[in-house]
Amino acid sequence: MMQDKQPLISIEDISKHFGKGETRVDALRNITLDIYPEQVIGLLGPSGSGKSTLLNVIGCILEPSSGRMGLDDETVYDGHWLRSDLRGLRLEKIGFIFQAHNLIPFLSAIDNIAVVLGLAGYSATVAQKRAQELLDYLEVGNRANSFPSSLSGGEAQRVAIARALANKPRIVLADEPTAALDSTRAGIVMDLLRKVAVEQQAAVVVVTHDEKIYDRLDHIFHLRDGVLDKEV
Amino acid sequence: MNLAYRDVRHNLGRFIVTCIGLSLLLGVVLAMIGIYRGLIADAMELVETIDAQIWVVEKGTRGPFAESSRIPLDTREAIARIHGVKSVGAVTFQSIETQTGASKLRLYVIGYEPGQLGGPKHIILGRGLTGRNYEAVADMRSRLEPGDHIQLGRNNFTIVGTTDNAVSSGGEPAIYLSLDDAQKLQFDLSPSATRRERARGLAMVKSTDTVSAVIARISPNASPDHIAGTIRRWKHLSAMTEAEQGKILTQSVVEKARKQIGMFTGILILVSAVIIALIIHTMTMDKIREIATLKLIGAPNRIIIGLIIQQSLAMGLIGFAMGGVLISNIKDYFPKRLILQPMDGLSLAGVVVVICLLASIYGVYTALKVDPAEALAG
């Protein structure tokens with residue numbers, strides 16, 4: 001059924017190496033991967049296998065060495081970046097969720113979300129309204145005015161998810177989103193990501209080592225020495 | 001959303017403490033500028049208060065402030081007869097240390113002829129000198145008041161009035177005596193010394209024979225340069241206009257102190273710049289992860305640069321304002337005069353803005369180098 005749709009993330013023969021000659025390290029080798037709307041996929045692999053490199057490449061943070069990449073019907077890399085405004089591209093298409101939630105400590109929960117909307121050009125009033133809706137949607141609306149330091153791990157992670165979803169991205173990249181959570185909270189977070197994928201027709205890529213969420217992923221890919229194993 | 005303001009509000013205590021530290025530093029810079037102004041003003045004050053257009057002193061000297069000068073009192077009559085001279089006066093100057101209660105007091109004694117040029121400009125309290133002996137008018141900064149008595153040399157003087165704007169170039173408050181009293185104080189020997197001089201068979205010089213300078217005001221249509229030039233042709237006299245006397249005071253008498261304070265102020269400004277740069281850099285380093293996150297979620301560079309520069313300017317200007325308030329409130333407790341001029345304040349504010357902008361460069365450079373991928377690092 002998925003294959004009837006256009007992939008949201010289309011990676012074709014992407015490679016990334018660092019250094020030259022004897023010091024050359026191949027972090028990614030000829031990765032080809034399509035990820036479709038509503039899919040929640042997991043990337044597994046030991047440290048140094050290339051998971052973070054792949055996430056950085058999909059997130060347009062790191063330029064690949066070769067290959068082709070399309071995001072949401074737009075080819076963004078084909079031997080070189082096709083857009084100069086990569087930050088604008090990220091703001092428009094990609095939401096990031098971090099292991100350590102990375103909320104801005106001097107902004108309240110609601111402002112952490114509103115800042116993204118402000119960057120996207122929404123007025124302050126609209127941004128605050130949408131931020132409150134997102135917090136309510138993620139069931140942390142009552143903590144809107146709390147600062148990150150006073151939020152529990154689960155609450156902070158939900159605010160971080162709300163921030164990632166603020167600009168309605170079609171692609172959500174999550175780096176170890178459940179690593180700091182117990183199994184109950186980890187399950188809640190994964191259910192939220194699933195809900196987002198379905199309701200917003202988004203693709204969710206989760207880098208994880210967390211076995212307790214494996215059963216909540218549609219596909220699990222394994223990376224080893226920069227090579228992607230099909231599915232585990 | 002103003003991120004700089006939000007960050008400051010969230011870390012208000014730390015920001016205020018930083019501003020207080022900076023205010024002390026900028027307050028010292030402001031105080032140094034005030035001391036510099038005070039030094040110049042003190043140096044010029046007597047010249048301006050005496051308000052003479054021509055200063056006649058001993059040949060080959062730049063007296064009476066830069067060097068000692070002694071000329072015959074009858075020079076006054078010779079100067080008065082020069083065409084264009086409207087009024088003349090004879091003055092003596094002398095620094096003296098005396099005792100008031102338990103504390104020592106340094107005074108700058110000015111002798112003048114009551115009713116002639118050279119006296120105090122205003123009488124604030126009491127009255128001026130009338131010509132009677134052993135009376136004095138003191139500058140208010142001496143803290144002497146009418147009715148007080150003070151021992152000067154071998155005689156006791158009664159303060160009959162107070163004046164203002166009369167201090168020496170060294171900042172000593174002036175005390176006005178009649179010329180006769182001042183000459184006695186300056187030139188009379190003690191009784192034992194007089195006996196010794198008589199025993200040596202030396203003739204006594206009458207104390208009223210010499211003065212430090214003769215001063216003159218001229219008619220409106222006369223040229224001070226021309227009259228000074230005329231006097232200079234006399235072999236035993238030197239003459240200066242008011243402007244030349246002022247130049248000697250500011251460029252000679254207080255020159256080294258002026259340069260010293262100027263250099264110290266420059267060093268302080270440099271130190272302030274380095275400290276502000278370090279504070280901004282530290283504040284930036286403290287926010288590296290937040291900056292990386294902002295970049296990752298799509299914040300353009302102008303947002304990041306704005307965050308750093310706005311905080312830097314806020315810190316610098318608040319620190320400057322606090323320093324200004326501090327120094328304004330304590331300036332009168334300084335032993336020497338400290339003058340805060342609005343233009344100096346505005347100029348320093350401008351310098352602080354420039355310093356903050358320059359100091360931000362390193363912080364901005366650091367912030368712009370931050371890799372958004374650092375936000376993903378565990």
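Predicted model: local features only at pLDDT ≥ 70, side-chain atom pairs only at ≥ 80, totals over all residues.
I found 4 strands in an open sheet, in the order 2-1-4-5, with antiparallel pairing. Which strands stand at the edges? They are strand 2 (25-35) and strand 5 (74-78) of chain A; each has a single partner strand, so one side of each is left without a neighbour in the sheet.

**Strands 4 and 5.** I then went to one pair in chain A: strand 4 (residues 66-71) and strand 5 are joined in the antiparallel sense over 4 bridges. What stands opposite Met69(A)? I found Tyr77(A) there, in strand 5 of chain A.

**Where A meets B.** My next stop was the interface, where 27 residues of chain A are in contact with 19 residues of chain B. On the chain A side, the elements giving two or more residues are helix 1 (51-58), helix 2 (86-93) and helix 3 (109-119). Helix 3 of chain A provides the largest share, 6 residues. By type, I have this side of chain A down as 17 nonpolar, 6 polar and 4 charged residues.

**Confidence.** Last, I checked the scores. Chain B has a mean pLDDT of 86, with 94% of its residues at 70 or more. For the complex, the predictor gives an ipTM of 0.81 and a pTM of 0.74.

Notes
Residues numbered from 1 in each chain as written. Chains lettered and ligands numbered in written order. pLDDT = per-residue confidence, 0-100. Contact = placed C-beta atoms within 7 Å. Nonpolar A, V, L, I, M, F, W, Y, C, P; charged D, E, K, R; others polar. Pairing = 2+ DSSP bridges.
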